[in-house]
Amino acid sequence: MSLYLEAATILESPQTTSLKAIIYNPAKPFKSPQAKLYALIVETLKFQDILKEVVENAGILKLERKLTPLLSILLTHDLLLTKSGIATSSGPLKDALLRHKARLNAEFTRARLRRGHGDVKSLIEAVNAEHSRESEDGVTKTATGLTTFNPRWVRVNALKATLEDSLSSPTFHTFQKVDGMSDMFFFDVVQKCYYQKAELLPDILAIHPSHDITSSELYKSGKIILQSASSCLPAIMLDPPKGSIVVDGCAAPGNKTTHLAALVGSSGKVFAVERDKRRADILEMMVTKAGAEKIVTILKSTDFTTITEGHPAWQASYLLLDPSCSGSGILQRIDWDISKLNLPSSDIASSRPSRKKRKRDENSQESSAPRPEGQEAKQMDEEIQEDDASKERLQLLSDFQVAIILHAFSFPNAMRITYSTCSIHAEENEHVVARVLNSEIAKERGWRVQNREDNPLSRWHRRGSVGELSDLKVSLEEQQRVADGCIRVHRTDSLGGGFFVVCFIRQVDDKDRLGGDIDIGNLEAPGQGNEPPPQAMGGSIEAEDQEWNGFSDEGPNEAVSAIDMTDDDPPSGNRNRKKQKQKQKQKSSKGQQGMTEKTNRRFQKSRKGWS
Ligand SMILES: C[S@@+](CC[C@H](N)C(=O)[O-])C[C@H]1O[C@@H](n2cnc3c(N)ncnc32)[C@H](O)[C@@H]1O
């Protein structure tokens, strides 16, 4: 029965990453075979409407108290839609369902005929066809009926090609320009060869997602890079001038690194810092493919917070920080939207309040519901702890992100720093901005958020949320200015996922400047790896950090997923949070600028599962 129980546990948990990443995470192995678990969940989600109808009409939840709505549809799926039936030896749950086999079969036949399918094969084909049409078209209808378009984004690598050359190349020369995103999806779907120049984003194109660009010469030669538009925002917002010295503090797999290299050009220098050795290997491969080896110095297995005085990267004027985050904005990771699960109800099922409601009721003075006892009480406690654990996780991520920015604030020549996440949580976005602006070092060094109108992305309409900046100890007017300086991208904005980016600026007095003229051609950075790119990785890695989830389209790619999975969940428990808070307090009271050894070690340990 562990297959069904494990599937139910996954479906009950809040989804912050893809189903594949959850199931194939080596750090948290399941008892059931991974492929079976994945197939059961995906197929149940696909057929959920009819399964819900069958279970409800058969009324089994009223009769079988052991069956939860979720387990009922998982088991019913295998009973009705697989040749082998329920994949477990008999037990109370299987027996409970099988007692109603005839009833379930009869309701299934009715539901199938109501949908106009004479046999099961026809029903299965229709559901599969509907599903693959949805994913191929790249058009998603949200629960509120809003239509979103998910094109494939392409960045022209200015180190190797120009936009004009690319558009006239064999890859794109048959493409037609469209004026709006919706035109690309509704014009002539048969050709699927439209492109749209991104309005605000130079050298970036959107193409229909069904167009396979990875077999093109442009892609293979590194002239174009598959990178979502939202992932291009930080380098554009940082706007480093040609010839400048930039640090990419959290660099692998390297989309933003190669973008920065294209912006600073051959007279500039990008230090790409990556703590994880295996991810740094991918970074190296991407930098080579993009033709940026002479511009980029890769600092392999290097923790950004260890870069201090004496290191050549310490002289940088521009820093791009894109640290590990929850990845909650990533579209491609949500391969199956668990939140769309629509469970059957029954008198019993609907009388059992939802987890959220139970929690609300518990906290509410007005709640008169007696607290459940025994097994249910235990389950409820576990669920509440689970919610706390995700809060705890966000808190840890946010502490880590703050530490990264505070360290960047201490670079003596730094005048612009972007901070970005592919998270939709305010805890990792506006709250982080408020925390770092409240710090001693920000005040001492004069760090502030750049005015909206001074930034190349001023015309992007969606800005930070002022309501999430209430911890920022400044006037309401200044809070509004800071919120306007931040950029948010929603998952429905068609830029390739939810995103947040902000640019911090400061005036650097000439007297404080470090170094003067630097011969960037001669910079030798300690920690730079000389290892050749790993052959084992082949050339199949999708050059898009937001798609870089370790899985090919066909299924999990073990080699890459192993790399992605080096991150781990942050340690949980209040003890850790308290320690972390104490440490943070000590740090800000001392005006300390980097992560301490201990904090650093703790973050090293706690990274699995982050993006
Ligand atoms: C969100 S990913 C960066 C994606 C990258 N900017 C891109 O566009 O391709 C975060 C990366 O930061 C690395 N990282 C996390 N903490 C770090 C630290 N303290 N120093 C250096 N790298 C770090 C992680 O290993 C991970 O590869």
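These legends describe close-up views of a predicted model. Local features need pLDDT of at least 70 and side-chain atom pairs count only at pLDDT 80 or more, while totals for chains, interfaces and linings use all residues. Residues are numbered from 1 along each chain as its sequence is written.

**View 1. The loop that holds C422.** C422 sits between β12 (416–421) and α19 (430–437). Helices (H or I, at least four residues) and strands (E, at least two) are DSSP runs, numbered from the N terminus. The unreviewed UniProt entry lists C422 under "active site"; such annotations may be inferred rather than shown by experiment. C422 counts as buried because it has 27 C-beta neighbours inside 10 Å. The cut-off for buried is 20 or more other C-beta atoms within 10 Å, with C-beta atoms placed from the backbone.

**View 2. Strand β11 and its partners.** β11 spans residues 318–321. Y318 and L320 point one way, L319 and L321 the other, and all are buried. In a regular strand, side chains alternate between the two faces of the sheet. Strand β8 (residues 245–248) runs parallel to β11, joined by three bridges. D248 has L320 as its bridge partner. β12 also pairs with β11 in the parallel sense, over four bridges. There, L321 partners Y419. Strands pair if DSSP finds at least two bridges between them.

**View 3. The largest nonpolar core.** A nonpolar core is a set of buried Ala, Val, Leu, Ile, Met, Phe, Trp, Tyr and Cys residues joined through C-beta atoms within 7 Å. Helix α18 (residues 374–409) gives the largest share, 11 residues.

Technical notes: Buried ≥ 20, exposed ≤ 12 C-beta atoms within 10 Å, placed from the backbone.
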